Amino acid sequence: VLAELIEKFVLHLSESRADCYFSKGSYKAMDADVKKENLSSVQQLGVEMTVRYGKYLNLLKEDAENGLCFVLMNCEEFLKQQQRAVDSSLCCLQEHYAGYDWFASSIFLIMSGDRGKTLRFLQQFSRLLVSAFLWLPRLHLSMHLPVTTVECGIHPVYFCSAHHVEMLLKAELPLVCSAFHMSGFTPSQICLQWITQCFWNYMDWSEICHYIAICIFLGPDYQIYMCISVFRHLQQDILKHTEA
């Protein structure tokens with residue numbers, strides 16, 4: 001039901017010029033015969049974890065690995081069309097996105113391992129503003145960002161979403177904010193980790209689906225509210241650890 005709901009919602013928005021923030025671009029999927037060996041070692045490890053998790057949730061079949069590799073390779077090629085060349089020694093500014101694509105993997109699971117539906121959805125979704133915040137590889141070396149922003153190597157999620165989380169935390173949860181301040185560790189570092197991984201390894205699968213759906217339906221600012229609500233939920237544990 002969720003797959004069908006977000007599919008129809010994103011399709012409707014992507015066909016409305018007023019709702020499209022990014023250009024569509026033209027892209028046709030590559031040959032279906034994509035092997036895991038074509039991916040980086042980080043991506044291969046991510047594929048193994050995703051498939052294992054998907055089978056545990058009874059969402060994926062035996063041949064799911066090839067389907068996910070197909071999606072990841074095509075996403076990389078598709079997003080490459082909207083990237084700019086940057087001459088930098090920073091690892092995060094090389095041609096390939098340095099991490100693993102947790103958002104595309106999450107959509108692959110929501111679509112029950114249907115690679116065609118997953119890729120179609122991601123191409124339509126990439127036109128919307130919310131894709132910049134939920135799908136981190138979307139803005140890797142992006143031509144939609146100023147050159148100075150790209151060259152600094154810091155993803156906009158860090159200085160937009162994570163920054164606003166810190167501002168709200170001061171007002172909403174001052175004790176949690178003080179606890180972080182005393183630890184010498186910033187809430188934004190934690191938030192960036194959560195957001196990058198789509199809350200994998202932190203939330204149950206149903207909650208991960210709720211996070212993705214809420215941000216798609218209600219807007220990217222709900223990413224910030226979600227982080228604040230998690231800090232509120234963890235407040236007693238955070239304060240207990242601070243005392244100890």
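Where is Cys198 found?

## The loop between H10 and H11

Cys198 is found in the loop between H10 and H11. Keep in mind as you explore that this is a predicted model. Cys198 is buried, because its relative accessible area of 0% falls under 20%. The backbone is worth a look here too: Cys198 has a positive phi of about 55 degrees although it is not a glycine. Most residues other than glycine have a negative phi.

Asn201 also has its place in the loop between H10 and H11. Its phi is positive as well, at about 75 degrees, and Asn201 is not a glycine either. With 73% relative accessibility, though, Asn201 counts as exposed.

Is Gln197 buried or exposed? Gln197 is buried, with a relative accessible area of 17%, and that follows because buried means under 20%.

The side chain of Gln197 makes a polar contact, at 2.8 Å, with the side chain of Gln193. If you leave aside its neighbours within four places in sequence, Gln197 is in contact with Trp102 and Tyr202.

## A nonpolar patch on the surface

Now turn to the surface, where Ile214, Leu218, Tyr222 and Tyr225 form a nonpolar patch. Together these residues have about 350 Å² of accessible area. Which helices supply at least two residues each? They are helix H11 (205-218) and helix H12 (221-233).

You will find Tyr225 in helix H12, and it is partly exposed, with a relative accessible area of 39%.

Your next stop is the loop between helix H1 (2-14) and helix H2 (41-56), where Lys24 is found. Lys24 is exposed, because its relative accessible area of 53% is over 50%.

What separates the C-alpha atoms of Lys24 and Arg127? The two atoms are 6.0 Å apart, although the residues are 103 residues apart along the chain. Setting aside neighbours within four places in sequence, Lys24 is in contact with Arg127, Phe78 and Gln82.

## Salt bridges

How many salt bridges does a search of the whole structure find? There are five, and the pairs described here are among them.

One of them joins Glu62 and Lys55, with the closest N and O atoms 3.4 Å apart. Glu62 is exposed, at 68% relative accessible area, while Lys55 counts as partly exposed at 32%. In another, the side chains of Lys80 and Glu77 meet at 3.3 Å, N to O. Both residues lie in helix H3 (residues 64-80), three residues apart, which is about one turn of the helix. Lys80 is partly exposed at 25%, and Glu77 is partly exposed at 27%.

Arg232 forms a salt bridge with Glu172, the closest N and O atoms being 3.1 Å apart. Arg232 lies in helix H12 and Glu172 in helix H8 (residues 156-172), so this pair ties together parts that are 60 residues apart in sequence. Arg232 counts as partly exposed at 45% relative accessibility, and Glu172 counts as partly exposed at 41%.

Conventions. Residues numbered from 1 in each chain as written. Predicted model: local features only at pLDDT ≥ 70, side-chain atom pairs only at ≥ 80, totals over all residues. Heavy atoms only, no water. Patch = residues over 30% accessible without salt bridge, like charges linked within 9 Å, V, L, I, M, F, W, Y side chains within 5 Å. Areas by Shrake-Rupley, 256 points an atom, 1.4 Å probe, with all protein chains shown as cover. Salt bridge = Lys/Arg side-chain N within 4 Å of Asp/Glu carboxyl O. Helix = DSSP H or I, 4+ residues; strand = E, 2+ residues; numbered from the N terminus. Buried < 20%, exposed > 50% of the residue type's maximum accessible area, 1.4 Å probe, protein only. Polar contact = N/O pair within 3.5 Å; in protein donor to acceptor, adjacent residues only side chain to side chain. Contact = heavy atoms within 4.5 Å.
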